[in-house]
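Please read the following report beside the sequence and the coordinates. It begins with local backbone geometry and then moves to helices, cores and sheet.

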Amino acid sequence: MSFLKRIKNLVIPPDEAKIAASVEEVTNNRILNELVECFDDSLRKESVGTSLLFNAHFLIILHPDTYETRLPSLPVVVKEAVKAFYNKLQKLKVDYEDISPVSANWHFKFGPGVEFNNEKVDVHDVKVIGMLTGLKESGSQAKTKVTMKPKKSNVYDKMDVNLDALRHIDFRESGAFTVKFNPDLRLGAEAQPRAAGGALAQIEYYLGDKDQEETYQMRDKEIVVARKEVDNQGYSNYLLVDSPYVSNPHARIRYNEAEKRFQIASFSRNETRVNERIIPKSELADPQWFDLAPKSQILLNSLVTLTFQSNL
């Protein structure tokens, strides 16, 4: 072994260097391990008497660059996490009389962010937040009890978190998964991870001015396509597009149940095209509806492209 190599090994032992590198890199296994560790902590802290109690809702915050890299594999990570949860419950149930899930489903929401709870999120971070049930807001300074680990201790614990710390995290539809809880404690073919369900249609939209692409699941029978503004944030049936080239509102899309077809109406002074056909502007109080084919391309103001795909 060369003198320089011996010196390097004295400064950074090879095994420790490998461990440090593996800790820093955000792999699918690392995300899985963090989820399982968070789940383990909830079992210890939530179980009571003869009943096994545990977190069923998980928020996972990743740096935006890491989020985009990991996004295609997240359904598999979720599947493996639920399998690991069931394995742990199977081993523990011999010592408990009841398994007491607080939800009929496992819920996972992945989102990109650069800061959370006064801590910077960098490309090496995985922040897992576990809860018995979903977030419930009851005021501007509302706090909730969660299972998470702060950087200073690096140990999962029960903590109070101000909900304002989560407002800027973009928990997108493409990163949300639900798996039905199976009392048999196994992941069957009927219980694979799925994007949060019941969508009538899927809309992929591309922002030409920012070179950004997002996905929206249309669950309501009528939605509003509008520019992303603070006043619009509270509406569940709004597709909010973060672009100055989109009007507020720009259009509405509905499923006409009587006629079993999708339709669109435009309210923008800027051009709206559907499959190269210009859709005339309507008044808000008197929408003029035009049929939307099961697969259509909608162009807003020549810069934002919506690819509409019916699930019916």
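## Backbone geometry in the loops

N117 is placed in the loop between β5 (115–116) and β6 (119–120), where helices (H or I, at least four residues) and strands (E, at least two) are DSSP runs numbered from the N terminus. The phi of N117 is near 55°, a positive value in a residue other than glycine, and N117 is partly exposed, with a relative accessible area of 26%; buried means under 20% relative accessible area, exposed over 50%, and partly exposed in between, with a 1.4 Å probe and protein chains only. This is a predicted model, in which local features need pLDDT of at least 70 and side-chain atom pairs count only at pLDDT 80 or more, while totals for chains, interfaces and linings use all residues. Residues are numbered from 1 along each chain as its sequence is written, and side-chain values use heavy atoms, with hydrogens and water left out.

A positive phi also occurs at E276, near 75° and again in a residue other than glycine. E276 lies in the loop between β18 (272–274) and β19 (277–278) and counts as exposed, at 59% relative accessibility. A further loop, between β15 (238–241) and β16 (251–256), holds P249, and the peptide bond from N248 to P249 is cis, with omega near 0°.

## The chain as a whole

The protein chain has five helices and 22 strands, and 44% of its 312 residues count as buried. Of the contacts in the protein chain with a separation of 6 or more, 62% are accounted for by residues 24 or more positions apart, contact meaning heavy atoms within 4.5 Å.

Helix α5 (residues 74–92) has 19 residues and reaches 27 Å from its first C-alpha to its last, close to the 27 Å expected at 1.5 Å a residue; the expected span is 1.5 Å times one less than the number of residues. The span of α3, which also has 19 residues, is 27 Å, likewise close to the 27 Å expected. The buried residues of α5 include V77, A81, A84, F85 and L89, and those of α3 include I31, L32, L35, V36, F39 and L43.

The axes of α3 and α5 come within 10 Å and cross at roughly 35°, the axes being lines fitted to C-alpha atoms over the stretch in contact, with angles running from 0 to 180 degrees between N-to-C directions. Their crossing is right-handed, a term used if the near helix is turned clockwise from the far one by less than a right angle. Among the residues that make this contact are L32, L35 and F39 of α3 and A81, F85 and L89 of α5.

T66 is placed in helix α4 (residues 64–70) and is buried, with a relative accessible area of 8%. Leaving aside neighbours within four places in sequence, T66 is in contact with V26 and V123.

## Two nonpolar cores

A nonpolar core is a set of buried Ala, Val, Leu, Ile, Met, Phe, Trp, Tyr and Cys residues joined through side-chain atoms within 4.5 Å. In the largest, of 35 residues, L35, F58, I60, L89, W106 and F108 touch the most other members. At least two residues of this core come from each of α3 (28–46), β2 (57–62), α5, β4 (105–112), β7 (126–131) and β10 (176–180), and α5 gives the most, with nine residues. A second, separate core of 26 residues includes A201, Y255, V274 and V304.

## The six-stranded sheet

An open sheet of six strands has the order β13-β12-β22-β21-β18-β19, with antiparallel pairing; two strands pair if DSSP finds at least two bridges between them. The edge strands, each pairing on one side only, are β13 (212–218) and β19. Strand β12 (residues 201–207) is joined to β13 by seven bridges, and the two run antiparallel, with L207 opposite Q212 in β13.

L306 lies in strand β22 (residues 304–310) and is buried, with a relative accessible area of 1%. The C-alpha atoms of L306 and I203 are separated by 6.2 Å, although these residues are 103 residues apart along the chain. Not counting residues up to four places away in sequence, L306 touches I203, E204, Y205, V225, L239, S296, Q297, I298 and L300.
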